[in-house]
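Have a look first, then we'll take it question by question.

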Amino acid sequence: NLFLKPLQRSLLQEAINMKSNKLSLVLFDESLFRLCYLASFFLYMISYLSTPSIVLIGITSLWGVAIAIRSLIVNKAYFRVYYGFWLGAFLVSLTFTLLFNLSTDFIAVGYNFILIVHCFVCFVLFYGMHIHRGTMYRWEMYLFARFFIYAATVTAFIGLALLLFGVEFVFYGNTYTGVFFNPNYQGYVSALAVIFCHFMTKPDFLVHARQKRISRIWIAACVLLNIIALVLSNSNGSLLLLGIYIAFIVLFRLLALAEKLTPRGVIARFIALVVVGFLLICLLMALRAAFKIVVASLSSGEGELTKADLNALTKGSFFNIITDSGLSSRLDLWGAGFKALLSNPVFGAGKGDLYNHILAEIGKRSYFTDDYLTNVFIADMHNGYIGILVVAGIMGFGLFGIFMYRFFKMTLPVWFIQRRIMTYSIYPCMIGFIAAYMVYALIERTILFDLSFIVTSFWAFLGYMSCYATDLGYNIRGTVEIGNVKLPKRIF
């Protein structure tokens, strides 16, 4: 007993330490957090799951804050994130936005604070994933894409099946939403699912992820069902996203075939991009109008439509920029936003007060409820760039613009240098998605100031692209001296 008891205590303590280490590895696993965070926002988009998923989003957000703070302390992320100085300055600017817009409206102030926390998590844990050189980001991205393909296919099938059985649950007004509570969510999910299916056709993606190709039956079912759901959803932005993505893929293919790029060659190929993109968008809009007519005909009692029915469905034309795209309502929002910006042009009006500014400018603006809390959360400019300018002011817009310029300066040259050997790579596809998303941001709630899957997935892509760029050779060495302080050049 004299020798056995100390040995038992030692083994017990070692076992406890091993369990605590395993628990710590799970709790501070950034890859696991990112996938859970994306999944919680995906569940939020689904009708009848949105309310319970808010609890899940809250839990994962607190989890993310803890991991992000640990990354700053342990991993010194503030010295290792490429162009982190501009993101840090942007967060400081947002803090001043919060302070300058303090009021007795605790809902507005609280929402501004929540958005700062969300931005902090996106900057450090999503975009900043490249600070971990050993990160298996390809494997993580494969899991994300695979889960998304399965989830999008199942939800599209359920939504279309309910549509065929005449269940009104899949409609918001006269617009098809599928199992989602917003037609724009259905459109974005469908467009992204088709794009992910294209990702899965790239051999190097599967080889580096060390995973097998998804069944072609699943791929075909995903593309077919989600194309149908996309054209029925009446989401112009999502049609634009998919059309621009395809156009950019064609452009990259043309650039890759050229042995030597000249300014004239780049301009000619860019014109081809514009033409292809325009034709694709026209084709998709025509298909959408045809699908609406076919579905309406099948769902009508006699299977026939009158001329008045056709005019109601197409609004008198296949392409009517005012009634078909929601441009007039967006112009009202943008006008109200610019007037709100005048209240604090340097640091912005803040997102929490945006609904009140819209209300004061264009009157009652309730989307689907009179609940004040809900309207504060969903009020948006429906333009990612105007949204950043109005919410964060000229200071925040300028800092964020510098960051995005630096980011593209980091990622695009990597592709241009190695474009001839990237035919089988997923990297051009990722650039194409980001480029299409930047166009998509002109008419939808995107980029930053929205607690949604659409925004979070964008930052996940920025992180994956930064990992690819650093793996393919991008590096910034050296330091910058500011007074007596030496800072790594990469953060600038």
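Q: Before we start, what kind of model is this, predicted or experimental?
A: Keep in mind where the coordinates come from. The model is predicted.

Q: How do the directions of H7 and H9 relate, parallel or antiparallel?
A: Start with the geometry: H7 covers residues 183–199 and H9 covers residues 216–232, and their axes come within 9 Å and cross at roughly 150 degrees. Angles over 145 degrees count as roughly antiparallel. So H7 and H9 are roughly antiparallel.

Q: What classes of residue make up the contact of H7 with H9?
A: On the H7 side you'll find Gln186, Gly187, Val189, Ser190, Ala193, Val194 and Cys197, and they meet Ile219, Cys222, Val223, Asn226, Ile227, Ala229 and Leu230 in H9. Sorted by class, the residues of this contact are ten nonpolar, four polar and no charged.

Q: How are H5 and H18 oriented, parallel or antiparallel?
A: H5 packs against H18 (residues 453–471) at an angle of about 25 degrees, with the axes 9 Å apart. The crossing is right-handed. Since angles under 35 degrees count as roughly parallel, H5 and H18 are roughly parallel.

Q: Which residues of H18 does H5 meet?
A: The contact has six nonpolar, three polar and no charged residues. H5 brings His118, Cys122, Phe123 and Phe126, and the residues they meet in H18 are Val455, Thr456, Trp459, Ala460 and Gly463.

Q: How are H16 and H17 oriented, parallel or antiparallel?
A: The axes of H16 and H17 (residues 427–440) come within 13 Å, crossing at roughly 160 degrees. That crossing is left-handed. With the cut-off at over 145 degrees, H16 and H17 are therefore roughly antiparallel.

Q: How many polar residues are in the contact of H16 with H17?
A: Tyr385, Met404, Phe408, Thr411, Leu412, Val414 and Trp415 in H16 meet Tyr427, Pro428, Ile431, Ile434, Met438 and Val439 in H17. Twelve of the contact's residues are nonpolar and none is charged, so by the class rule the polar count is one.

Q: How many charged residues line the second largest cavity?
A: Go through the lining by class: five residues are nonpolar and four are polar. The charged count is three.

Q: Which helix gives the most to the lining of the second largest pocket?
A: This pocket holds about 280 Å³ of space. Of its 15 lining residues, Leu72, Tyr78, Gly84, Leu87 and Gly88 lie nearest the centre. The elements giving two or more residues are H4 (84–100) and H5 (106–126). The most, five residues, comes from H4.

Q: How many nonpolar residues line the second largest pocket?
A: The lining of the second largest pocket has two polar residues and no charged ones. The nonpolar count is 13.

Conventions:
Residues numbered from 1 in each chain as written. Predicted model: local features only at pLDDT ≥ 70, side-chain atom pairs only at ≥ 80, totals over all residues. Heavy atoms only, no water. Axes fitted to C-alpha atoms, helices over the stretch in contact; angles between N-to-C directions. Helix = DSSP H or I, 4+ residues; strand = E, 2+ residues; numbered from the N terminus. Parallel < 35°, antiparallel > 145°, perpendicular 65-115°, else oblique. Contact = heavy atoms within 4.5 Å. 1 Å grid on protein atoms, 1.4 Å probe; cavity = no way out; pocket = protein on both sides within 12 Å on 5 of 7 lines; lining within 4 Å. Points joined across faces, edges and corners; volume = space filled by probe spheres on them. Left-handed = near helix turned anticlockwise from the far one by under 90°.
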